[in-house]
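Here is a short report on one protein model. It takes strands first, then a helix pair, then the annotated positions.

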Amino acid sequence: MASPSSDLDRERRKCTFNVAELTDIINGGREKTERRQYLESLVLNEPIFNYDDYYFLSREEKYSDAVKKTVRLVQVLKQHNIEDPEDYQTLLKYVLNLNLPIALHNSMFRPTIRDQGTDEQRKKWLPLANDYKIIGTYAQTELGHGTFIRGLETTSTYDPKREEFVLNTPTLTATKWWPGCLGKTSTHAVVMAQLYIKNQCYGIHSFIIQLRSLKDHSPMPGVTVGDIGNKVGLETNDNGFLAMDNVRIPRENMLMRHAQVYPDGTYRKPANSKLVYGTMVLLRATVVSESATNLSKAATIAIRYSCVRRQTEAKPGELEPQIIDYVTQQHKLVPQLATAYAFAWIARYMMSTYHALHADIESGHLGALQELHGISSGLKAFTAEMSVSGIEVCRRACGGHGFSAASGLVSMYKDRLPSCTYEGENTVLYLQTARFLLKCFRQPSITPSSMSYIQVKPLPGARWGVKSPEDLMKPILLVEAFEHRAQRTIKSAAQFLESQISQGLDTSEAMNRSGIEFVRCAKAHCYYFVTRNFFQSTALLKCSKEIKESLLTLGVVFALNGIADNSGEFLEDCFITGTQMEFVRERILYCYKQLRPNLVGLVDAFAFADQSLNSALGAYDGDVYNRLYNWAKRAPLNKTDVHSSYHKYLKPILKSKI
Ligand SMILES: CCCCCCCC/C=C\CCCCCC(=O)SCCNC(=O)CCNC(=O)[C@H](O)C(C)(C)COP(=O)(O)OP(=O)(O)OC[C@H]1O[C@@H](n2cnc3c(N)ncnc32)[C@H](O)[C@@H]1OP(=O)(O)O
Ligand SMILES: Cc1cc2nc3c(=O)[nH]c(=O)nc-3n(C[C@H](O)[C@H](O)[C@H](O)COP(=O)(O)OP(=O)(O)OC[C@H]3O[C@@H](n4cnc5c(N)ncnc54)[C@H](O)[C@@H]3O)c2cc1C
């Protein structure tokens, strides 16, 4: 058997480009790489951030371990004056392989105060939150309602005599349920509740509530709070429940940047009722980035392992091939790698679009709200869905060892799966994007320039300009195919809706009956958007010819697999012919061959530390079998040669003599 590490060494020697150059591109420049390396150096050498035996821990131990790591992380951040949220994000992505019990504090609590608090409220709460003197969460979802926010039942009733709000959980279904970090960790929460003043309801607003004593962490009077129990993945997180019984807070604890309640109870409504949903939009943009990172990790593990794993001698006596040389294995993994790169590029686009449009909104251009919501909803759903299914493809591609916790892929899959549900269930978000697409289809004036393609009506009888398999290497033709599909499905969804209305259905019923068409066009739009962005961004890169070639080939794989996997949608209006579909399949194989020497280089370029992958299969040195064996020997069941259950149960039924 060949040595696993020599297999990876040989792969690395075959790579045609400079891996460090590609790492800089992925990180966004040399300076960002250096910053990342500096941040990694602060934590990687600390024993407390060791994850070696993590997969052996129980849920409670995992939570406790995560709290310990959180506290140390906070100390490190303070010690080195690290305050930039981007730095924190970098640490989460590349080193701390966990959903920390302060995830919601940093991803939602602080941003909500920043975006929805007045200057005075920011001044009061942000220093406490930034310094981790308080830890907060975002409590919106209830037992009875998650998607339909307007249906939340928690009430916040203004008492002008005492200038206080009184918060209540009037029914069982009004109990807050799911908020991360609520069950055991948080001291405070931004609670979304229906605002009542003099018996009139003014809809959902956000309020800061103290949940636990800052002296002994016990629940505050009127607060019932706890963990909701085990779930799929996210074992380090204490997703919780919360019920409130006449909890009083000062008037100043309602976040009043957009809507105000004055001492006498006068209410001033926000310029747009959806401003209160702003933090969700930020987190949806963050999910795009998380989806990219995690799929990159999964591809790293599975591709390195596939270069080390050998199986089935082709000819008697010959060395068994590396499993990566089976085209079926390539057909599993190369599309995941291509998707990981496409998502890394769209994540960068999403964050910069978020910041640009958010700045517009802050300066009063509220038109940007629906554009940001329209773009981020679909991309969150699309990337979460493909990332999760891609991680599972990578896990299965590792055969039996993919089932071992030591692969790192089991927990990754379980921890990412909820991203299809939290922060807006995926179908619901696709429907939101479809609404925006249809609006743009009907109203050119509101169509943002990034979506102007919607205004071009697809020509009946249009045909794809691909004449040969070589044509499929031309980004313009690939993007054209996705553009056509998106234009056609948007038009078809609009026509479907109109046909339902013309049959006499009221708008909501017609919208419901059009839901499947809506989701179809939103997915088609997202595929187009991501493909176009990949080729546009890659074309702009200043890099070596070899890197550009590899990236473009990955883009072609992403696009061609998108066409092959959704072939019906391209064939049904004869835009693509059967012969062109054959070209597509042929070119996919060609691209795999082109990329084969660079596969390890392309995953090495993500530069994940072994600790962050925490995988016996995917470590840099490829020493898979020693790692698996040593890990298994440390399993709690192997602490003694004879387990206590032998003495308790097994012994009496076993024969002492044969
Ligand atoms: C430092 C970073 C660290 C990062 C760490 C990340 C990892 C952390 C790991 C785990 C964290 C997990 C956190 C999870 C947190 C949560 O899940 S919080 C709860 C999230 N909940 C949701 O997302 C609920 C989903 N539901 C909705 O968003 C909305 O209710 C709805 C969009 C489904 C509908 O809203 P509703 O108010 O009922 O809508 P309508 O009144 O019918 O109005 C619809 C119109 O409103 C427009 N609209 C809706 N939302 C927005 C928005 N956000 N912005 C702008 N516009 C919006 C919508 O387009 C409709 O417009 P038209 O009528 O014109 O079509
Ligand atoms: C791990 C995890 C962490 C979470 N963290 C938080 C948190 O920190 N804070 C917080 O407030 N919440 C949190 N949540 C809650 C989360 O945001 C909601 O679960 C999510 O928004 C989905 O809402 P739901 O549970 O009501 O699903 P439902 O809306 O009940 O969805 C069930 C099904 O109904 C369908 N459906 C619902 N409405 C429609 C519609 N209008 N049209 C078509 N189909 C529809 C959905 O597509 C889905 O198939 C978390 C959830 C999870 C799983």
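Trp177 stands opposite Phe241 in β8. The model is predicted: local features need pLDDT of at least 70, side-chain atom pairs count only at pLDDT 80 or more, and totals for chains, interfaces and linings use all residues. Residues are numbered from 1 along each chain as its sequence is written, chains are lettered from A and ligands numbered from 1 in the order in which they are written, and side-chain values use heavy atoms, with hydrogens and water left out.

**The sheet**

Three strands form an open sheet in the order β4-β8-β7, with antiparallel pairing. Strands are DSSP runs of E with at least two residues, helices are runs of H or I with at least four, and both are numbered from the N terminus. Two strands pair if DSSP finds at least two bridges between them. The edge strands are β4 (176-177) and β7 (223-227), and each pairs on one side only. Two bridges join β4 to β8. Five bridges join β7 to β8 (residues 240-244). Val225 has Leu242 of β8 as its bridge partner, and Val223 has Met244.

Which side chains of β8 are buried? Gly240, Leu242 and Met244 are buried and point to one face. Buried means under 20% relative accessible area, exposed over 50%, and partly exposed in between, with a 1.4 Å probe and protein chains only. In a regular strand the side chains alternate between the two faces of the sheet.

**A helix pair and a loop**

Helix α2 (residues 19-27) packs against helix α9 (residues 327-362) at an angle of about 40°, with the axes 10 Å apart. Axes are lines fitted to C-alpha atoms, for helices over the stretch in contact, and angles run from 0 to 180 degrees between N-to-C directions. The two helices are therefore oblique to each other. Angles under 35 degrees count as roughly parallel, over 145 as roughly antiparallel, 65 to 115 as roughly perpendicular and the rest as oblique. From α2, the contact uses Leu22, Ile25, Ile26 and Asn27. From α9, Tyr341, Trp345 and Arg348 take part. Contact means heavy atoms within 4.5 Å.

Leu541 sits in the loop between α15 (515-540) and α16 (545-565). Leaving aside neighbours within four places in sequence, Leu541 is in contact with Ile25, Trp345, Lys548 and Leu551. Leu541 and Ser156 are 385 residues apart in sequence and 52 Å apart in space, C-alpha to C-alpha.

**Annotated positions**

UniProt places the feature "active site" (unreviewed entry) at Glu423. UniProt positions are given in the numbering used here, feature names are shortened, and annotations may be inferred rather than shown by experiment. Glu423 lies in the loop between α11 (409-416) and α12 (426-442). Is Glu423 buried or exposed? Glu423 is buried, with a relative accessible area of 12%. Not counting residues up to four places away in sequence, Glu423 touches Met108, Met280, Leu283, Arg284, Lys380 and Leu429.
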